[in-house]
Amino acid sequence: MIKHKHQQLFDLIFEEFNSGLWPKGEKLPSQKELSARYSVSVNVVSQTLELLKQEKLVKVKKGDGIYSLYSPEPAKMVQKYSGERVFGRYAGAKTLTVLLEDYQDWQLKFWNGFFDEFARENPDIELNVRFDHYKSSEKNTRYDIVIGGLRFIAHSAGEMDRLTHCEALDFYSDLDDGLLLKSGDFADGIFPVGFVSSYLLGISGTPLPLPEENVLDYIERTITPENGTLLMRHSTELFQNNGIDVLNRNRRPLDNDEKAHLRQFFERAASLYRDGRLLWPHGRFSDQEQTLELLQKGTITLLGRQRGGELPQLTNHGLVEISYPHGKRAMIVPVVAVLNRNTCFVEEELRLIKKLRAVEMQQMAQNSGVFQSLHCSVLSPDSPLYGYFSRKAVDFRRSDDPVELRLMDFILSWELLYNMTGRRQGCDAVEMLDKKIRYYYENADKYNQEIQL
């Protein structure tokens, strides 16, 4: 397929970033200058600029100019942690290679401290740690431990021969002690270490959610058409938030009750979108700074954020943190680890996971904003999520199945948007979604063999 001019210009400028032409902090030419430089219209440059902002390659300062945010690929960031720093080098040190999704400076502050402490306490283990993210990591490269979200795991550890839960518990029967989620809650070979959850930022005085109120209920009760709410979250969470689970590997047609429930959800979401009370980030807002600015100006009433996956950025501009209206079941995004069983050092791998799950490390990770703790003694009883965990009313992805992960991106998000914008309506929207999901599942295995995750 032939790319549009702004996409071609994006590719060209991205290559210039990679070549070092625009290092971080460098001021780029103005839009008019870029237009002349590449012999395209200012409109094409403007569209390209939006793509660059979405990829967090540039930042636009009003009245000042365009500045590069580009940093070298995190895949090049490799750290070595060795017990020799304290104990001197041991000739028989066992090397473990670790792949980690986090790579931002504030995340590295926690992880560097964790790995340094682990190396000092375990002089028989030498760690080689690579910091990465799922878009740039090399699939099927051999690692002993991979830590990150399920999408990252699916990409980076998809072919790993994983240590099973039974094998792990044979070494350490207390591995899951004190955790709100157990290893057995996930597909075999996935070990939870923390989680990311949602919360809202709002203007001071914004009403709080009622018990078991979901997002659509909350918007209908509190938000006026004059000031919409922007929910920077994935559409699958909005489905789940309203008690709709369409992700089922053994797909069957929806029954009449399920279709009626889904149709009502579509109609409510579309009505709120048309009224301007539910805003959606598809191409409308380029970055979090822009949405924070809209919130501070009162243009929008609420902003959905994540706690744990990104450093909390509470401001001093009259904004308040509001608990997320999870409804009857809270939604979280698990941070997990998988371990390679094709090694002589399984106990050493588990030793690292036990250290990461220890109370003091869980507390440090939570305080640092890296992830929220799964340890009962760390997650405060005052947390809105504590009650959900206590009554086992928590929803989360349990598998890193790439088929379901792709379904979220390829079908659910777009069908929800098409429904809200009126491209598909009512019964047609429900029937089309049901048919597309079933057809996708029937053909996904063959499809996934032809493209890279």
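Modeller: Isoleucine 66 lies in strand E3, which covers residues 65–68, and what follows is read from a predicted model. With a relative accessibility of 5%, isoleucine 66 counts as buried, because that value falls below the 20% cut-off. Setting aside the neighbours within four places in sequence, the contacts of isoleucine 66 include Glu26, Lys27, Leu28, Pro29, Gln31 and Leu34, and also Leu49, Val58, Lys59 and Val60. For glutamate 26, the separation from isoleucine 66 is 40 residues in sequence, while the C-alpha to C-alpha distance is 8.5 Å.

The strand around this residue belongs to an open sheet of 3 strands, ordered E1-E3-E2 and paired in the antiparallel sense. Strand E1 (27–28) and strand E2 (58–61) are the edge strands, each pairing on one side only. Between E1 and E3, which run antiparallel, there are 2 bridges, and leucine 28 has isoleucine 66 as its bridge partner in E3. Helix H3, residues 42–54, packs on this sheet and touches E2 and E3, with its direction at about 115 degrees to that of E2. As a general point, strands of a sheet pair through backbone hydrogen bonds, in either the parallel or the antiparallel sense.

Another strand, E11 (residues 300–307), is largely enclosed by the rest of the structure, because 7 of its 8 residues are buried. Strand E8, residues 191–203, pairs with E11 in the antiparallel sense over 6 bridges, and within E11 the bridge partner of leucine 200 is glycine 304. Strand E9, residues 228–230, pairs with E11 in the parallel sense over 3 bridges; here threonine 229 has leucine 302 of E11 as its bridge partner.

For the chain as a whole, there are 16 helices and 14 strands, and buried residues make up 50% of its 453 residues. Among contacts with a separation of 6 or more, 77% are between residues 24 or more positions apart.

As for confidence, the average pLDDT of the chain is 83, and 85% of the residues score at least 70. Among the elements, the lowest mean pLDDT, 52, belongs to helix H4 (residues 84–87), and the highest, 98, to helix H12 (residues 346–357).

Technical notes:
Residues numbered from 1 in each chain as written. Predicted model: local features only at pLDDT ≥ 70, side-chain atom pairs only at ≥ 80, totals over all residues. Heavy atoms only, no water. Buried < 20%, exposed > 50% of the residue type's maximum accessible area, 1.4 Å probe, protein only. Helix = DSSP H or I, 4+ residues; strand = E, 2+ residues; numbered from the N terminus. Pairing = 2+ DSSP bridges. Contact = heavy atoms within 4.5 Å. pLDDT = per-residue confidence, 0-100. Axes fitted to C-alpha atoms, helices over the stretch in contact; angles between N-to-C directions.
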